[in-house]
Amino acid sequence: AVVSTQSGHYGRGNRHPKKVISPSNFEKPKTSPELRQCLTLIKELLSRKYQASAWPFYQPVDHVQLGLHDYLTVIKEPMDLGTVKGKLDKGLYPSPKEFARDVRLIFTNCYKYNPPGHDVVLMAQEVEVERERERERE
């Protein structure tokens, strides 16, 4: 039975009417085939295949936790694979060119901040070499 409550709402008891949620709130931005290739690449870099060498690049450098007090003085535009994936998922890259720039920036920052031969530099080089081998096979 439909009842009227003192507050003037109609319905069964004190239930609130259901909110209508537009499907457009959940739609992902449409991506070009080229940007879909970028998404495939970033997923690959975040996969187990690259985990042994790519893990330092998964999240932003925690310069406070690591005691790298000069990090933001040396590195003006920090970048990491997680941030790149987030930007890609949100449709923030207008083209693959900007995506590629951010991926290169991850490794450029690494080489700029760390001395040659440092473990993280060797890991970055390993990721780049393996990725180049993959590209040659494609």
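Predicted model: local features only at pLDDT ≥ 70, side-chain atom pairs only at ≥ 80, totals over all residues.

**How the helices pack**

Colleague: Thanks! How are α5 and α6 oriented to each other?

Modeller: Their axes are 9 Å apart and the packing angle is about 150°. Angles over 145 degrees count as roughly antiparallel. α5 and α6 are therefore roughly antiparallel to each other.

Colleague: Let me step back for a moment. In what order do the elements run from the N terminus on?

Modeller: The protein has 6 helices and 2 strands. From the N terminus on, the order is β-β-α-α-α-α-α-α.

Colleague: Now to α4. Which residues of α4 are buried, and why are they on the same side?

Modeller: An α-helix has 3.6 residues a turn, so residues three or four places apart point the same way. The buried residues in α4, which spans residues 81-89, are Leu81, Val84 and Leu88. They cover an arc of only 60° around the axis, which puts them on the same side of α4. So the one side of α4 holds Leu81, Val84 and Leu88.

Colleague: How are α1 and α4 oriented to each other?

Modeller: The two helices pack with axes 10 Å apart, at an angle of about 150°, and their crossing is left-handed. An angle over 145 degrees counts as roughly antiparallel. α1 and α4 are therefore roughly antiparallel to each other.

Colleague: What about the ends of α4: which backbone nitrogen does aspartate 80 reach at the start?

Modeller: After the helix comes glycine 91, with a positive phi near 75°. At the start of α4, a side-chain oxygen of aspartate 80 comes to within 3.0 Å of a backbone nitrogen, that of glycine 82.

Colleague: Is aspartate 102 buried or exposed, and which side chain makes a polar contact with it?

Modeller: Aspartate 102 is found in α5. Its relative accessibility is 2%, under the 20% cut-off, so aspartate 102 counts as buried. Aspartate 102 touches Glu77, Met79, Val84, Lys87 and Tyr93, leaving aside residues up to four places away in sequence. The polar contact, at 2.8 Å, is with the side chain of lysine 87.

Colleague: One more, in the loop between α5 and α6: which backbone nitrogen lies 3.1 Å from a polar atom of the side chain of histidine 118?

Modeller: Histidine 118 lies in that loop. With 36% relative accessibility, histidine 118 counts as partly exposed. The backbone nitrogen 3.1 Å from a polar atom of its side chain belongs to valine 120.

Colleague: Lastly, what share of the residues is buried?

Modeller: Leu81, Val84 and Leu88 in α4 are buried, and aspartate 102 counts as buried too. Of the 138 residues in the protein, the buried share is 27%.

Key
Residues numbered from 1 in each chain as written. Heavy atoms only, no water. Buried < 20%, exposed > 50% of the residue type's maximum accessible area, 1.4 Å probe, protein only. Helix = DSSP H or I, 4+ residues; strand = E, 2+ residues; numbered from the N terminus. Arc of directions from axis to C-beta. Polar contact = N/O pair within 3.5 Å; in protein donor to acceptor, adjacent residues only side chain to side chain. Axes fitted to C-alpha atoms, helices over the stretch in contact; angles between N-to-C directions. Parallel < 35°, antiparallel > 145°, perpendicular 65-115°, else oblique. Left-handed = near helix turned anticlockwise from the far one by under 90°. Contact = heavy atoms within 4.5 Å.
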